[in-house]
Amino acid sequence: MGGFWPVPDALTYLAGTWRTTRSVRDLASNDSGEFSGTTVFGPVEGGGLIQRESGTFVWQGVPRPAERTLRLLPGRIPGTVDVRFADGRPFHDLDLTAGRHLADHPCSADLYRGEFTVRDADHWRTVWRVRGPAKDLVLTTDYARAD
């Protein structure tokens, strides 16, 4: 699985159910955690997708339920996405037409820098590097199509 796999329309590619695994490393404390679960990208009225992630997050040996919801709206350029938090606040843009995309999201004094890579029709990955006074993290998430 070398190189990147171009995606002409990110919303079409993402639609469906994905098995999701995430590693979280706190570079300041050397702690680590893992998430495993499912991410469903389902249609919403008016176009776009709702991303619903649910599963179990284990941090310092303690498992707990975890979930997240994002809204993915058609971007300004065909095939791209405007990613928003569940409450509608902007998160980042997403353009997978080259199979790889970089995005930034400032959060208070911390900066989230994301790299999105598509490996093939059924596998993609995100790596978020979070730096700032409050956080020093690397979050790596792998998605494998489940349907």
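At 23% relative accessibility, Asp82 counts as partly exposed, a class that lies between buried (under 20% relative accessible area) and exposed (over 50%), taken with a 1.4 Å probe and protein chains only. The model is a predicted one, in which local features need pLDDT of at least 70 and side-chain atom pairs count only at pLDDT 80 or more, whereas totals for chains, interfaces and linings use all residues. Residues are numbered from 1 along each chain as its sequence is written, and side-chain values use heavy atoms, with hydrogens and water left out.

Asp82 has a charged partner in Arg84, and the closest N and O atoms of this salt bridge are 2.9 Å apart. Here a salt bridge is a side-chain nitrogen of Lys or Arg within 4 Å of a carboxyl oxygen of Asp or Glu. Arg84 is partly exposed as well, with a relative accessible area of 22%. Elsewhere, salt bridges that share partners join Arg22, Glu53 and Arg68 into one network. By the same rule, the count comes to 10 salt bridges.

Glu53 pairs with Arg22 at 2.8 Å between the closest N and O atoms. Because Glu53 belongs to strand β3 (residues 49-59) and Arg22 to strand β1 (residues 16-26), this pair ties together parts that are 31 residues apart in sequence. Helices (H or I, at least four residues) and strands (E, at least two) are DSSP runs, numbered from the N terminus. Glu53 is buried at 5% relative accessible area, and Arg22 is buried at 12%. Glu53 also meets the side chain of Arg68 in a salt bridge, at 3.6 Å from N to O. Arg68 sits in strand β4 (residues 62-74) and Glu53 in β3, so this second pair ties together parts that are 15 residues apart in sequence. Arg68 itself is partly exposed, at 31%.

A pocket is an open set of points on a 1 Å grid over the protein atoms alone, where a 1.4 Å probe fits, with protein on both sides within 12 Å along at least five of seven lines; lining residues have an atom within 4 Å of a point. Strand β4 supplies the largest share of this lining, 5 residues.

The second largest pocket has a volume of about 200 Å³, and its lining includes Asp82 and His92. Strand β6 gives the largest share of that lining, 3 residues. His92 lies in β6 (residues 90-94) and is buried, at 8% relative accessibility. Its C-alpha atom is separated by 6.4 Å from that of Asp82, 10 residues apart along the chain. Leaving aside neighbours within four places in sequence, His92 has contacts (heavy atoms within 4.5 Å) that include Val81, Asp82, Phe116 and Trp128.

Finally, there is the nonpolar core, a set of buried Ala, Val, Leu, Ile, Met, Phe, Trp, Tyr and Cys residues joined through side-chain atoms within 4.5 Å. Of the 28 residues in the largest one, Leu14, Leu72 and Trp124 touch the most other members. Helix α1 (residues 10-14) gives the most to this core, with 4 residues. Not counting residues up to four places away in sequence, Leu14 touches Phe41, Leu49, Leu72, Leu94 and Trp124.

Note on methods:
Grid points are joined across faces, edges and corners, and a volume is the space filled by probe spheres set on the points.
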